[in-house]
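Subject: Handover of a structure and summary of findings

Dear colleague,

Please find the structure below, together with its sequence.

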Amino acid sequence: MALGEASISPRLHLAEQTRWRTPEILFWLATLTPYFLFPNYLSLASQIAIAALFALSLDLILGYAGIVSLGHAAFFGIGAYTAGLLSKYGWGEPLSGLVVAAFAAGVVGYATSFVICRFRHLALIMLTLGFGLLLAELANTLGWITGGMDGLQGIHTWKLLGTFPFDLYGRAAYAYALVVLFILFLFARRLIHSPFGLSLRGIRENFVRMPAIGAPSRGHIRTIYTIAACIAGVAGALLAQTTETVSLDSLGFERSAEIVVMLVLGGAGRLYGGIVGATIYVVARDQFSGVVPQYWYFWIGILLVAVVVFLPNGIVGGLTQLAARWGRK
Amino acid sequence: MLPPVFGVLFDGLAYGMLLFLLSVGQSVTLGMMNFINLAHCSFGMLGGYLTVSLMSRYGWPFFATLPCAFIVAAIVSVGLERTLFRRLYRASELDQVLLTIGIVFISVAIAAYVFGTDQQPLQLPHYLRSSLTFMGIRFAVYRLILIGLALAITVALVLGLDYTRFGARVRAAVDNERMARGLGIDVDRTFAITFALGSGLAGLGGALSVEIVGLDPSFAFTYLIYVLIVVSVGGLGSISGSLAAAIVLGISDVAGKYYIPQLGAFLIYLVMISLLMWRPLGLLGKR
């Protein structure tokens, strides 16, 4: 490996990591194949892209900054309800809806980040869980705004860019979700291969020592938490706009747990982990849960135990290891 | 005549005692090994289902099923501890959370598969369903027994922890695990026994809770959140802290549902977040 030359200077090391490799290009070309191979599954494909974006946002805080959050769905839900309400009360333009949703989720993320950055370990897990539960309960209580248990009805999304309508087959929906995912992925990729991204990984490894080499741990955590909240908000808004409905479970505990499962299944702390995990999870759920939903929970449980015991770095981590072993031979 | 506030206090106390039984084991094991076991309530659920099926299918009397719930939950938990959990004592919190949440998912699925997703019926003997009236307040006999039982267990736990050799080992391991090992205490074995006791108490709590809160497969998730609140607010490894937190939580939950039902569980979560921000190690947490 070129590790020797790459570690000459930090700048070269980062430049080496930012280089696009063939598997990456092939991966993104493969995301276009649903249009040719599975034209009947485009709405499922758009759900995968949305889940992948949500998992990517969690990866930024969980995988890179080491903040274990059991309440990340809060931001997803805020984004979904913002976009949904905006569209219900007369402004159904999708792109500006995304921006407003990202802003709303970001504001809440920024406000809570002041608490989040002060705690670690169990207290942190409990606080993220508590904020998530609090928000879900609030949405349930404010039924006159959110529609309560029935969900938010009467959303109508306008044509994308004024030309492409969102139809039942999900052609526009998938393209829309995929392009947004790709743009935000590029942003996240740039972010974590920057000096800021490196210091995040440093904070994950040692929260106390990073300030000693000039990286303010709390400030960095506030920044990345806000960014992750914005991206999660965009993912929620995408779901609201493409399915034209928002339900209470978009910000519930189950959604938060589910996204952690997807990310860890794929591999936390790896850019493609969330995307791979979301793809496998959503496809498997689509195949299994048709029969009896309880079986699905059983398999998810088995999967979780197996990943923790046998595959500590997720599927992407396992594949990378295999590739490295194969490359050495 | 006493105003209805006493009735609310009484119900809240009974509910708090239930939460205490469900969570005290979690508090001690978390304090000892720093192992986050989200599957703790699955053992409670096991105890609940055991009691219900022993009573309805085999006609066991209610009180005979309680020791059974305790023992079976303890045995199952030690089996899991020896095979799965012990690998993760040094692992990251994330891995612990994931593994144990996986076990919750599996237990929920198995419960739904075997017993269905309906609420389980429980036929208590007549004398347990009656109530006494004292100064205008109705005291349900079942709740009185529940409070008495929980108080007896608390006293036994506190005395056992303070005055027995085993209790001294547990306290040493909670305070400083490495030092305890250095002194020749078999922390792994002590932990396994504590874990079994704690899970057994959860099983007992689960069995006792069927009458009050009902039982369906979502039990393991619903009460997981309550247990985590009790543990994190009460402070790790502290029995009296857990008791205080469980009683406060029980009373405020019942009172909240009675006086301001439209707020739902909102109040509980708000109280928990503010308490955690004020004292991240819990009300009576040391360290």
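Helices here are DSSP runs of type H or I with at least four residues, and strands are runs of type E with at least two, both numbered from the N terminus. By that definition, chain A contains 16 helices and 0 strands. Please note that this is a predicted model.

Overall form of chain A

A compact globule of 329 residues would have a radius of gyration near 20 Å, and chain A agrees with this, since its own value is 20 Å. Along the principal axes, the C-alpha atoms of chain A fill a box of roughly 60 × 45 × 40 Å. Of the 329 residues in chain A, 48% are buried. Among the contacts in chain A with a separation of 6 or more, 78% are between residues 24 or more positions apart.

A helix pair in chain A

Helix H6 (residues 73–88) of chain A packs with helix H8 (residues 121–141) of chain A at an angle of about 30°, and their axes are 9 Å apart. Angles under 35 degrees count as roughly parallel, and H6(A) and H8(A) are therefore roughly parallel to each other. On the H6(A) side, A:Ala73, A:Ala74 and A:Gly77 take part, meeting A:Phe131, A:Gly132, A:Leu135 and A:Ala139 of H8(A). The residues of this contact comprise 5 nonpolar, 2 polar and no charged.

A helix pair in chain B

In chain B, the axes of helix H2 (residues 40–58) and helix H10 (residues 219–234) come within 8 Å and cross at roughly 130°. H2(B) and H10(B) are therefore oblique to each other, and H2(B) passes H10(B) in a right-handed crossing. From H2(B), the residues B:His40, B:Cys41, B:Ser42, B:Gly44, B:Met45 and B:Gly48 meet B:Phe219, B:Ala220, B:Tyr223, B:Leu224 and B:Val227 in H10(B). The residues of the contact of H2(B) with H10(B) are made up of 7 nonpolar, 4 polar and no charged.

The contact between the chains

Chain B contributes 33 residues to the contact and chain A contributes 30 residues. On the side of chain B that touches chain A, helix H4 (93–115), H10 and helix H12 (266–278) of chain B each supply at least two residues. H4(B) provides the largest share of that side, with 15 residues. By residue class, the side of chain B that touches chain A divides into 26 nonpolar, 4 polar and 3 charged.

Yours sincerely

Notes: Residues numbered from 1 in each chain as written. Chains lettered and ligands numbered in written order. Predicted model: local features only at pLDDT ≥ 70, side-chain atom pairs only at ≥ 80, totals over all residues. Axes fitted to C-alpha atoms, helices over the stretch in contact; angles between N-to-C directions. Parallel < 35°, antiparallel > 145°, perpendicular 65-115°, else oblique. Left-handed = near helix turned anticlockwise from the far one by under 90°. Contact = placed C-beta atoms within 7 Å. Nonpolar A, V, L, I, M, F, W, Y, C, P; charged D, E, K, R; others polar. Rg over C-alpha atoms; globule rule 2.2 N^0.38 Å. Buried ≥ 20, exposed ≤ 12 C-beta atoms within 10 Å, placed from the backbone.
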